[in-house]
Amino acid sequence: MISYEGELLWPGNLGHGAVIASFCAALLGVLAYGHALLGHKLERGRWETWGRWAFGLHSLAVFIVIGVLFGIIYTHRYEYHYAWSHASKALPVRYILSAFWEGQEGSFLLWIFWHVVLGLFFLASTGRRWESGVMTVLCLAQLMLSSMLLGTLFEIPMLGSLKIGSSPFVLLRETLQAPIFDRPDYLQWITDGNGLNPLLQNPWMVIHPPVLFLGFAACTLPFGYAVTALVRRLYREWVGPALAWTLVAVLTLGSGIVMGAAWAYESLNFGGYWAWDPVENASLLPWLLMVGALHGLHAYSKSGYSLKSTLMMVMLGFVLVLYATFLTRSGILGESSVHSFTDLGLSGQLLAFLFLFFGLMVFLLALRWKEIPGKEKGGEESGTSREFWLFVGSMTLVVSAFQILLTTSIPVFNAVAGTSMAPPADVVAYYNRWQLPIAVLILLMGTTAFRLRFGRSEPAPVLRWMMMITVVSVVLTLLIGYTQQIGYWSYLLLIFAACYAMAGNLHLLFLARKRLAAQGGLWAHWGFALMMLGVLVSSSRKEVVSLNLDGTPLGSNFSPAQARENVLIYQDQSKTMAGYQVTYTGDSIAGPNRYYKLLFQKKNAQGQWVYHRTLYPNAQINPKMGLIASPATMHFWDHDLYMHVTQVPDPENFEQKSRTYAEPVLHYLDARGDTLMLKESLVIFEGLQTRLDDEWKEETAGAEAAVGAPLRVRNLNEEFRLMPVYVLRGGVEFRYPDQTQEPGMRVELQKIDPQSGQVALSVQTLQPAPRAYVVLKMLRFPWINAVWYGSFLLVGGLSLSVVHRNRQYSRERTAD
C-alpha cells in the first residue's frame with residue numbers, strides 16, 4: 001500500500017459523502033411527497049412536513065458538494081481528476097466557473113443546483129395545494145440527477161459489476177494508468193492541469209450554461225403541475241400556476257439559446273450564429289414545445305379550449321429536455337456534433353431517466369384521457385376566435401419540433417436499428433427548406449390571433465385590419481427585396497411574413513399604448529419577427545469580402561475555392577478589403593492566445609487614407625486541436641464586418657528559424673587589403689596576424705602555429721571588426737570563429753597558404769528573419785443587428801409577461 005505525499009483527501013471524502021446524502025435525501029423526499037400526493041388527505045400535512053425536511057437536507061448536501069468541488073478547482077488540487085481535466089494555473093479566475101461546469105459531472109451539478117433553488121422558491125411562494133405533486137416530481141428528478149454523481153460500483157451476483165454515476169471526486173491516480181502513480185511523490189511531477197477548452201474561454205460561456213440549465217430546470221415545474229392535475233383531477237385549477245412557470249421556462253431556456261448563438265458568433269469561426277448542430281437542436285426542441293404549451297395554456301385559461309393537447313405539450317417539453325440530455329451526454333452524437341460530451345458510461349442511467357418520466361406521462365394521460373374535459377358547450381371553435389388560431393399555431397410548433405426531432409435522431413435510429421442512414425449533406429439548407437414555411441405560418445397566425453377576440457370576432461373589422469397590414473407589408477417587402485437584392489420567392493415570403501408581424505404588432509402596441517407594460521406578448525412577437533428578418537437577410541446576403549484578387553498562393557492547406565476567399569498579409573503590408581486598407585502591424589500575447597493587430601484605414605473626402613479602427617482577432621496553436629481562432633468584429637448599425645485568421649506561422653518554429661545561420665560559403669582572399677562583397681556588407685582583409693592578444697594565451701599555449709585573420713566589416717550604418725583564429729597544436733587543427741549579431745555574420749578561418757598569404761574564410765550569414773504574416777477571412781453580415789435587437793425584444797417581452805402573469809396570479813390567489 002503506497003502512502004502518497006501531498007494528497008488532500010478529506011475534501012473528496014466530504015464531497016462524495018455529500019453526494020450520497022443528497023441522493024438519500026432526494027429518495028426520502030420522493031417517498032414522503034409521493035405518499036402525500038397519493039395518500040389520504042388527512043395525512044397529507046404530516047407527510048409534506050417530512051418531505052420539506054428531506055428536501056432541506058438534500059439542498060444542504062447539494063450546497064456542500066458545490067462548495068467542495070469549486071474549492072478543489074479553485075485551489076488547483078490536481079490529485080482530483082476533475083480539477084486536473086478542466087482547470088490550470090494559467091486559467092483566469094473569471095473562467096473558473098466555466099471550468100466547474102465544463103465536464104459532465106459539473107453540468108449535472110449545475111442542473112441539480114437550479115432544481116434546489118427553484119424548489120426552495122416554490123416552497124416559499126406557492127400554496128400548499130400543489131406542494132406534494134410538484135415536489136414529488138422535483139425530488140424524483142433530483143434523485144435521478146444525484147445518481148449521476150454517485151460513482152459507486154455494485155457487484156450483482158450472476159450479472160457482474162454495475163457502476164452507478166460518475167463521481168467528480170475521483171482521484172487522478174484512480175482514473176489514469178501510468179507509472180508515475182507508483183511514486184509516493186507523484187504530485188510533485190504534476191505541475192499543472194489540462195486546462196479549460198480554449199473555445200470555452202469566453203464571457204458568454206460563463207453565463208450561457210447557467211441560464212440554459214435554469215431553463216431545463218424550470219421545465220420540471222410545469223410537468224409537476226400537470227402530474228398533480230392528472231392525479232387529483234384538478235383539470236382547471238392547475239392552468240394558472242402552470243402558466244406562470246411555463247413563462248419562466250420559455251424565458252430562461254430561450255435566453256440560454258440566444259446566449260449560445262452569441263457565443264458561437266463571437267468565439268467560433270464558421271461564420272454565423274446557428275448551424276443546426278444536433279446539440280443546438282436538442283436545446284431548441286423543448287423550447288418549441290414549451291412555447292406551444294404556453295399558448296395552449298393561455299387559450300385554455302380564456303376559453304376552456306385544447307386542454308388535452310396542452311397537457312401533452314407541457315409534459316413532452318420536459319421529456320424532450322431529458323431526451324436532449326441523453327443525446328448530448330450518451331456519446332451517440334460524437335461523430336455528428338462538435339458540442340457533444342464523451343460517453344462516461346451513463347447511457348443506461350440517462351435512458352432510465354428518460355423512460356421513467358416518459359412512462360409516467362403516458363400512464364397518467366392514458367389513465368385520465370376520457371376524464372379530461374374538452375370544449376365547453378357551444379360547439380367547435382370559430383375560425384374567427386383567438387383560441388382557434390392559438391391552437392393551430394401551437395400545433396405548427398409541434399410539427400416544427402417533430403421535423404427537427406426526426407433528423408436530429410438519425411444517430412439514435414442507426415444505433416437502435418443497426419442502420420446506416422446518413423444525415424443531410426447540407427444540413428443548413430435541409431433544415432431551412434423545412435423550417436422556413438413553418439416560420440411564415442407562425443408569424444402570420446401569431447399576429448392575426450392578437451387581433452381576434454376570444455370566443456368570436458366580427459370578420460369585417462378584422463379583414464380590414466389585415467388588408468391594411470398586408471399593404472404596408474407588401475411595400476416593405478418590395479423595398480427590402482430591392483435594396484438587399486433578394487429575389488427568391490421563398491425568401492420574399494418570409495420577409496413579407498416578418499414585415500406583417502412587425503407592422504401588425506406595432507399597430508396593436510400603439511392601440512394599447514396606455515398599458516404597454518402589460519403587452520409582453522406583443523413585444524415578444526414583434527421581437528421574434530425582427531429576429532427572423534435579421535436571420536434571413538444576414539444569412540442569405542452574407543458575403544466574403546476578403547477576396548484573393550492577385551491569386552497569392554496560400555499552400556496546400558487551402559483548396560482552390562478557399563484560396564480565393566482568404567487573404568495573405570505580411571507584417572507592415574496592406575491589402576484592400578471592403579473599402580478599407582487593412583494593415584497587419586504586429587501581434588501581442590495574452591495567456592495562450594496571440595492577438596493580431598490589424599489597422600483599418602478609410603479614405604476621407606480628400607481621398608487620403610485615415611485611421612478608422614483597429615481589430616484584434618486572436619488565435620492559438622493548440623497541441624491537441626490545432627489552430628483555434630476567435631474572430632473579431634467591427635459593428636455598424638446595418639452590418640458587421642467579421643474577421644478571423646485561418647493560418648498563422650507556428651510561433652515556436654518561427655522563432656527558431658529567426659536564430660539559425662545559412663549554410664557556410666567558402667571565400668578566398670589573396671592578400672592584405674583584399675575585399676569581399678557580401679549582400680549588405682563589405683569585408684576588408686587586413687592580412688595575417690601572428691601575434692595574438694593575451695586573451696588567446698590559453699588557446700595558443702604549446703601551439704606550433706597560431707594565426708588570426710583581422711577583418712574590417714562595413715555596412716551602411718557602422719563599421720566593426722572580426723578576427724577568426726586558426727591554431728595548430730599537436731598536429732590537430734583548431735578553428736575559433738568570430739561573429740556578430742548585426743548584420744548577422746559568422747566567419748571562420750579555414751585554410752592558410754603560408755607561401756602566398758592567401759586565406760580561405762568560411763562565412764555564414766544569419767538567415768533573414770521570416771516575415772510575420774496572417775492569412776485571414778472577412779465576411780460582411782448585413783442586418784445582423786436585427787437578430788440581436790429582435791432577440792432582446794423577445795426576451796424583454798417574455799420578461800414583461802412573467803411579471804404581469806405573476807401579479808395576475810397573485811391577485812387570483814388573494815381573491816380565492
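Predicted model: local features only at pLDDT ≥ 70, side-chain atom pairs only at ≥ 80, totals over all residues.
Local features were taken only at pLDDT of at least 70, and side-chain atom pairs only at pLDDT 80 or more, while totals for chains, interfaces and linings use all residues. Residues are numbered from 1 along each chain as its sequence is written, and side-chain values use heavy atoms, with hydrogens and water left out.

Helices and strands are DSSP runs numbered from the N terminus, with at least four residues (H or I) for a helix and at least two (E) for a strand. Helix α1 covers residues 10–38, and α2 covers 44–74. Trp-10 is placed in α1. Its relative accessibility is 54%, so Trp-10 counts as exposed. Here, exposed means over 50% relative accessible area, buried means under 20%, and partly exposed lies in between (1.4 Å probe, protein chains only). Trp-10 also belongs to a nonpolar surface patch of about 460 Å². Patch members have over 30% relative accessible area and no salt bridge; nonpolar side chains (Val, Leu, Ile, Met, Phe, Trp, Tyr) are joined within 5 Å, and like charges within 9 Å. Accessible areas come from the Shrake-Rupley method with a 1.4 Å probe, and for residues only the protein chains shown count as cover.

Leu-37 is also placed in helix α1. Leu-37 counts as buried because its relative accessibility is 9%. Contact means heavy atoms within 4.5 Å. Neighbours within four places in sequence aside, Leu-37 touches Ser-132, Gly-133, Thr-136, Val-231 and Arg-232. Ser-146 lies 109 residues from Leu-37 in sequence, and the two C-alpha atoms are 22 Å apart.

Helix α8 spans residues 204–218, a run of 15 residues. From first C-alpha to last, α8 reaches 21 Å. This is close to the expected 21 Å at 1.5 Å a residue, where the expected span is 1.5 Å times one less than the number of residues. Of the 15 residues in α8, 13 are buried, so the helix is largely enclosed by the rest of the structure.

Strand β9 (residues 618–622) is mostly covered, with four of its five residues buried. Two strands are taken as paired if DSSP finds at least two bridges between them. β9 pairs with β7 (residues 593–603) in the antiparallel sense, over two bridges. In this pairing, Arg-594 faces Ala-619 of β9. β9 also runs antiparallel to β10 (residues 626–630), and five bridges join them. Ile-621 stands opposite Leu-627 in β10. The two strands are connected by a hairpin through three residues.

Strand β12 (residues 639–647) contains His-644. This histidine is buried, at 6% relative accessible area. Leaving out neighbours within four places in sequence, His-644 is in contact with Asn-269, Pro-631, Val-775, Leu-776 and Lys-777.

A search of the whole structure gave 15 salt bridges. A salt bridge is a side-chain nitrogen of Lys or Arg within 4 Å of a carboxyl oxygen of Asp or Glu. One of them joins Arg-52 and Glu-48, with N to O at 3.9 Å. The two are four residues apart in helix α2, which means a separation of about one helical turn. Arg-52 is partly exposed at 28% relative accessibility, whereas Glu-48 is buried at 2%.

Another salt bridge links Arg-129 and Glu-237, at 3.8 Å from N to O. Arg-129 sits in the loop between α5 (104–125) and α6 (131–147), and Glu-237 in the loop between α9 (220–232) and α10 (239–267), so the pair ties together parts 108 residues apart in sequence. Arg-129 is partly exposed, with a relative accessible area of 45%. Glu-237 is partly exposed as well, at 35%.

Glu-719 and Arg-714 also form a salt bridge, and their closest N and O atoms are 2.8 Å apart. Glu-719 is partly exposed at 42% relative accessible area. Arg-714 counts as partly exposed at 34%. Both belong to a network of salt bridges that also includes Glu-686, Arg-712 and Arg-721.
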